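Visitor: Please take a close look at one part of this model, the salt bridges, and follow the chain from there into the strands around them.

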Amino acid sequence: MISYSLYSQWAKDMPKPFAFINLDLFNQNIQSVLKRSENIAIRVASKSVRSVPMLSRILQSNHRFIGIMAYHPLEAVSLSKEGFKNILMGYPCVDKAYIEQILNAPHPIIFMVDAISQLENINEVAERLNKTASVCLDVDMSSNFPGLRFGVWRSSTHNAEQALSIYHWIRTHEHIQLKGIMGYEAQIAGLGNHARGEFCRNKIITLLQNRSKKEVAQKRNSGKELQNAGAV
């Protein structure tokens, strides 16, 4: 294993800024992700891989890497122009100029939405361009305990009833098509509970995570209502 000090020594005379990738370690990371995800399809978050060649390398390494989740509309459009397909926006877009660029991209880009007001903007532009916009509905997976919001509150759609209301709106607009549903359990996936020397904190986080897992399971089960309705 090459240490940071060896990297620093090797790079001390190189013009700055620059970037390099240890491809052996990069490939190990790819294999590690594939192993831990078992047979689940994987979408790569572009904000974590800031290199077009590296994104290509990941997507070409295994068929289970199905596409990209982009963090900004112009980035998504740029990636589409680079030839990437199956691009999902990570966040809602309400700027109509950006919406138009996304709809005119060479390869389809899926919008992220959590409210009808966002859909109205997308539909207005799609109708004007005579195009069909694909959207993904983001459902909030955070837990609201007394005095504590546990997790990332990233969506205004909190339950199956609200999701169904949005789905029924989509059904009445021919220029909008629902492609999928997303829920991010940041309080479970991104919050560690094994910090060294933090016994009490770890126990509290574990307790909250166990309670939150039950709520997440209920929300995911309620998502079957959308499937039963033929939404996705």
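Guide: Lysine 96 has a relative accessible area of 34% in this predicted model, so it counts as partly exposed. Its side chain meets that of glutamate 124 in a salt bridge, with 2.9 Å from N to O. The pair joins distant parts of the chain: lysine 96 belongs to helix α5 and glutamate 124 to helix α6, 28 residues apart. Glutamate 124 is partly exposed as well, at 43%.

Helix α5 (residues 96-103) sits in a right-handed β-α-β unit with β3 and β4. From β4 the chain crosses through helix α6 (residues 116-129) to β5, again in a right-handed β-α-β crossover.

Strand β4 runs parallel to β3 (residues 87-89), and two bridges join them. Here leucine 88 stands opposite isoleucine 110 of β4. Strand β4 is also parallel to β5 (residues 133-138), to which three bridges join it. Phenylalanine 111 has valine 135 of β5 as its bridge partner.

Five of the five residues of β4 (residues 109-113) are buried, so the strand is largely enclosed by the rest of the structure. The side chains are divided between two directions: Ile109, Phe111 and Val113 point one way, Ile110 and Met112 the other, and all of them are buried.

The side chains of aspartate 138 and arginine 154 meet at 2.6 Å, N to O. Aspartate 138 lies in β5 and arginine 154 in the loop between β7 (148-150) and α7 (160-171), so the pair ties together parts that are 16 residues apart in sequence. Both aspartate 138 and arginine 154 are buried.

The structure holds four salt bridges. One of them is formed by glutamate 75 and arginine 50, whose closest N and O atoms are 2.6 Å apart. This pair also links distant parts of the chain, with glutamate 75 in helix α4 (residues 73-81) and arginine 50 in the loop between β1 (42-45) and α3, 25 residues apart. The two ends fall into separate accessibility classes: glutamate 75 is buried, because its relative accessible area is 13%, while arginine 50 is exposed, because its relative accessibility is 53%.

Key. Residues are numbered from 1 along each chain as its sequence is written. This is a predicted model: local features need pLDDT of at least 70, side-chain atom pairs count only at pLDDT 80 or more; totals for chains, interfaces and linings use all residues. Side-chain values use heavy atoms; hydrogens and water are left out. Buried means under 20% relative accessible area, exposed over 50%, partly exposed in between (1.4 Å probe, protein chains only). Helices (H or I, at least four residues) and strands (E, at least two) are DSSP runs, numbered from the N terminus. Two strands pair if DSSP finds at least two bridges between them. A crossover is right-handed if, with the strands pointing away from the viewer, the path from the first strand over the helix to the second runs clockwise.
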